[in-house]
There are 2 protein chains.
Amino acid sequence: MNASLESLPVTTRHSVSSAVVPANNTLVALATDITIREGILEIAGEQSLYHGGTLPTLRVAWRLVGPTSAPVVCALGGISAHRRVCLTEDPRQGWWSEIAGPDRPLDVNQFRILSFDYLGGSGDTTGPQGAEAFPSISSYDQADLLARLLDHLGVTALHAIAGGSYGGMVALAFGERYPERVGRLLIIGASDRAHPMSTAWRSVQRQIVRFAVDCGRAKEGLQLARSLAMSTYRSSEEFSARFNGPPVLDGDRFVFPVESYLFSRGGDYASRYRPESFLCLSESIDLHRVDAGRIFVPTSVVAVREDQLVPLADMRAMVARLPVARLHEISSIYGHDAFLKESEQLRRIFAVALEGVS
Amino acid sequence: MNASLESLPVTTRHSVSSAVVPANNTLVALATDITIREGILEIAGEQSLYHGGTLPTLRVAWRLVGPTSAPVVCALGGISAHRRVCLTEDPRQGWWSEIAGPDRPLDVNQFRILSFDYLGGSGDTTGPQGAEAFPSISSYDQADLLARLLDHLGVTALHAIAGGSYGGMVALAFGERYPERVGRLLIIGASDRAHPMSTAWRSVQRQIVRFAVDCGRAKEGLQLARSLAMSTYRSSEEFSARFNGPPVLDGDRFVFPVESYLFSRGGDYASRYRPESFLCLSESIDLHRVDAGRIFVPTSVVAVREDQLVPLADMRAMVARLPVARLHEISSIYGHDAFLKESEQLRRIFAVALEGVS
């Protein structure tokens, strides 16, 4: 497989984005040599997966944004993240627009930002299609796929991987497997394995989707599952502040403010993602287990005290096992979602973590 | 309605339980004059409810256990609790057998223990039947029903109400409405209103059940909803300790230890409770709002630091508003379920709370 990689066709689109983009309500200069490259890597031949399954072939949709010769940082997010990290036409399309971009904690004037659509997801990388069975996907499989992508792009080693949530798990898996191909890891809200309480919540989400698929109403199941997931991403403090109002009578029943919010967001999600992909990547989180003691890449870990999904105790325990690690504990009402929102707190941490060896 | 109560027929069964019952693996003497009375109170005529609905008539299934002339303590539990608190033929039938009984924190040799099946529940009190619409039920409605029951039983005033979870909400509602009819309140894991994060989780549970009802598969929906509920009743510390093992392959997919547990327990529940009752009482929790500043009954409050459903901050805030209250903060890996399990920690608190005015 590896031998044939270099000869595979590379679909790459080049474009130069506008020289000035708004950020934080101010105009921020964009380096003039920034290019946005996107492509699909096709890997021919049967691919073996960590949990024993196989795929007849693989395609990986990737995107690389930044100054032509800058060091490459791979940015990976939650299971609904994708290759479009920042500098998208509509900033809302970039899943990390708050954190990555010109003059952001992950500065696109300083680094080339690489990402890809996850294997098994709803993007343009290989994923489940309809009712057809799809194998279980490990965070190690995503790491392997990233290594193939680096070969393909001619990147010997990444300057860093910055990963939040599932992306942090993939970063840890990559660090264990390919220590020579990444200079440092920056892990936010992800541990060496999923916590059983989080697994409980995700197991229910998956069972909801399977049940709804079985009832022929998959989209509604995905809406419900995402509604539940949303309630685990934030902190109870935030919900308390935002959804403090009384219920309203809607026809014959009371609807609570938090309920309207969750189901509205769940509905948006269900219109954009595939139920089968949700099942695949949600399971992949729970299957994630890496050996922290064998991750020799210098690692900066950001733990959020209010994170319901990844308890502080788990983060501390992982850091104690990591050979070269530094723990940053922060507080955020955004809980698990802090990696998407806390641009000011993360700015300082990114500066230290991406600079030298932490 | 009140005028006719005294003349209503009382269905009462008397029985004397065995003089010696096992508790904590030792034989504990049971006072010889203990009687177990059970009955149904029928209240004729249209009943108006707090949220504006009506019921054409009411029946209330109650149970009173203890020495004939002892002070009466009303014991109220979560939405799946019922009139059988303790001293049932099979101890597993009593929902509070760990806490109430001979030589337990709520000592049946010292107090007569009263309880009833909740309005809107799955027991023998009036509740929803099948697809027929049932009105929204308030914790104030349960309190009113308890007041009618006291009239019926000739109990001028309760020595105390000890309530956990939803039962604590009902106790608070009773304390606000009928301060002259109860000497003290003992509230565990319940606040003056539901927390929006808990409402979020319960809203998803109810939507799962409604969806499944709509699919003609109500029981499966109830199983799923209860599985989710179970994951909110305990602490992440307990789940971490209990469900630490790897997943097992079951046919074509991985099943996680916590998942097996939740769905097994959810299935048990779905076989014993009615989906419509679950919807009714789950909503009743979220509709609960009492005015803590107007509860003039001396109140002992037990807050569990690990309770995910009723955060410590909410308990502290309520205690600050209660005119006469004392807060006991405890730690328990059982989280919200601590009121069912922590017999040793609760023993000391019950002794103080039930003795004088706290």
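At what angle do the axes of helix α4 and helix α8 of chain B cross? In this predicted model, local features need pLDDT of at least 70 and side-chain atom pairs count only at pLDDT 80 or more, whereas totals for chains, interfaces and linings use all residues. Residues are numbered from 1 along each chain as its sequence is written, chains are lettered from A in the order in which they are written, and side-chain values use heavy atoms, without hydrogens and water.

The axes of α4(B) (residues 196–214) and α8(B) (residues 275–287) come within 10 Å and cross at roughly 160°; axes are lines fitted to C-alpha atoms over the stretch in contact, with angles from 0 to 180 degrees between N-to-C directions, and helices are DSSP runs (H or I, at least four residues). The two helices are therefore roughly antiparallel (over 145 degrees). The contact (heavy atoms within 4.5 Å) involves, among others, Arg202(B), Arg206(B) and Val209(B) of α4(B) and Phe278(B), Leu279(B) and Glu283(B) of α8(B). Its residues comprise five nonpolar (Ala, Val, Leu, Ile, Met, Phe, Trp, Tyr, Cys and Pro), five charged (Asp, Glu, Lys and Arg) and four polar (the others, Gly among them).

Between the chains, 49 residues of chain A are in contact with 49 residues of chain B. The buried area (accessible area lost on being put together, 1.4 Å probe, summed over both parts) is about 4000 Å², with 68% from carbon and sulfur atoms. On the chain A side, Met197(A), Phe211(A) and Phe256(A) lose the most area to chain B, together 16% of what that side buries.

Two salt bridges (a side-chain nitrogen of Lys or Arg within 4 Å of a carboxyl oxygen of Asp or Glu) are counted between chain A and chain B. Arg217(B) and Asp214(A) form a salt bridge through their side chains, at 2.9 Å from N to O.

Methods. Angles under 35 degrees count as roughly parallel, over 145 as roughly antiparallel, 65 to 115 as roughly perpendicular and the rest as oblique. Buried area is the accessible area (1.4 Å probe) that two parts lose on being put together, summed over both.
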